[in-house]
Amino acid sequence: MQKVLHINPEKCTGCLQCEMACSFDNYGVFAPAKSRIKVFDFHDTGKKVPYTCTQCDEAWCLHACPVEAITLDKLTGAKVVNDSTCVGCKVCTIACPFGTINYVQETGKVQKCDLCGGEPACAEACPTGAITFIDANWTGLGRMQQWADKLGNQPSAS
C-alpha cells in the first residue's frame, strides 16, 4: 500500500515541530533552516501552512536531472536524491513547479523530502494532526466528509 503525506492546514498552529523533527531526523540538529518541510506563514491572515515535496507521479525534478541523481524508491514512492550522484546543477530546483527542492550551500547538493524511508518524522511529531501519513488512495476522504456534512447528510433509514 502506497502512503503519502497529507496536510490539513486548518489544523496547523505554526508550532514548527515538523521542521524541528525533519532537521533532527536528517541532520541530527534542531535547525528549521535545514528542514525539508517548511511552514509558510501568511502574515496577513495569521494562517500557517506546512508544505513539502508532494512526490508527484510525473516528477519533473526526476525527469529534469541530467545525471539521474533523483530516483524512485519503489517501497515508499518517494523521489530520492542520491547525494553521491548529485552534481549540484540545480536543474531540478528549476523544474519543480512547487519550489520544494532546495540547494544546500554547505554541501553543494540539493535536498528534498524522501519520506524518511517510510516513517516521516514530520507526521510523527505533529501534535495537532495537521500532517499525517495516510493511504494514497484516501487523501480526499476528509474533503468528501466535509462535503457530505455541508449537504446535511441524514442517517440512513433502517
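Residues are classed by relative accessible area as buried (under 20%), exposed (over 50%) or partly exposed (in between), with a 1.4 Å probe and protein chains only. By this scale phenylalanine 24 is partly exposed, because its relative accessible area is 42%. The model is predicted, so local features need pLDDT of at least 70 and side-chain atom pairs count only at pLDDT 80 or more, while totals for chains, interfaces and linings use all residues. Residues are numbered from 1 along each chain as its sequence is written, and side-chain values use heavy atoms, with hydrogens and water left out.

The search of the whole structure for aromatic pairs returned 2. Rings of Phe, Tyr and Trp (its six-membered ring) pair if their centres lie within 6.5 Å; planes under 30 degrees apart count as stacked, over 60 as edge-to-face and the rest as tilted. Phenylalanine 24 and phenylalanine 30 are stacked, because their ring centres are 4.6 Å apart and their planes stand at 10°. Phenylalanine 40 and phenylalanine 42 form an edge-to-face pair, with 4.5 Å from centre to centre and 70° between the planes. Phenylalanine 30 is exposed at 56% relative accessible area. Phenylalanine 40 is partly exposed at 41%, and phenylalanine 42 is partly exposed at 36%.

Phenylalanine 42 is placed in strand β2 (residues 38–42); helices (H or I, at least four residues) and strands (E, at least two) are DSSP runs, numbered from the N terminus. Together with Phe40 and Tyr51, Phe42 makes up a nonpolar surface patch with about 270 Å² of accessible area. Patches are made of residues with over 30% relative accessible area and no salt bridge, where like charges are joined within 9 Å and nonpolar side chains (Val, Leu, Ile, Met, Phe, Trp, Tyr) within 5 Å. Accessible areas come from the Shrake-Rupley method with a 1.4 Å probe, and for residues only the protein chains shown count as cover.

Over the whole structure, 3 salt bridges were found, each defined as a side-chain nitrogen of Lys or Arg within 4 Å of a carboxyl oxygen of Asp or Glu. In one of them, the closest N and O atoms of glutamate 10 and lysine 47 are 3.9 Å apart. Glutamate 10 lies in the loop between β1 (3–7) and α1 (17–27) and lysine 47 in strand β3 (residues 47–51), so this bridge ties together parts that are 37 residues apart in sequence. Glutamate 10 is exposed at 61% relative accessibility, whereas lysine 47 is partly exposed at 46%.

Aspartate 114 and arginine 36 form a salt bridge with an N to O distance of 3.5 Å. This pair links distant parts of the chain, 78 residues apart: aspartate 114 is in the loop between β7 (109–111) and α4 (121–125), and arginine 36 is in the loop between α1 and β2. Aspartate 114 is partly exposed at 21% relative accessible area, while arginine 36 is buried at 16%. A further bridge joins aspartate 41 and lysine 48 at 3.4 Å, N to O, and aspartate 41 is partly exposed at 27%.

Lysine 34 lies over the face of tyrosine 27 at 5.2 Å from the ring centre, and lysine 90 over the face of tyrosine 103 at 4.3 Å.

How values were computed:
A charge sits over a ring if NZ of Lys or CZ of Arg is within 6 Å of the ring centre and within 35 degrees of the ring normal.
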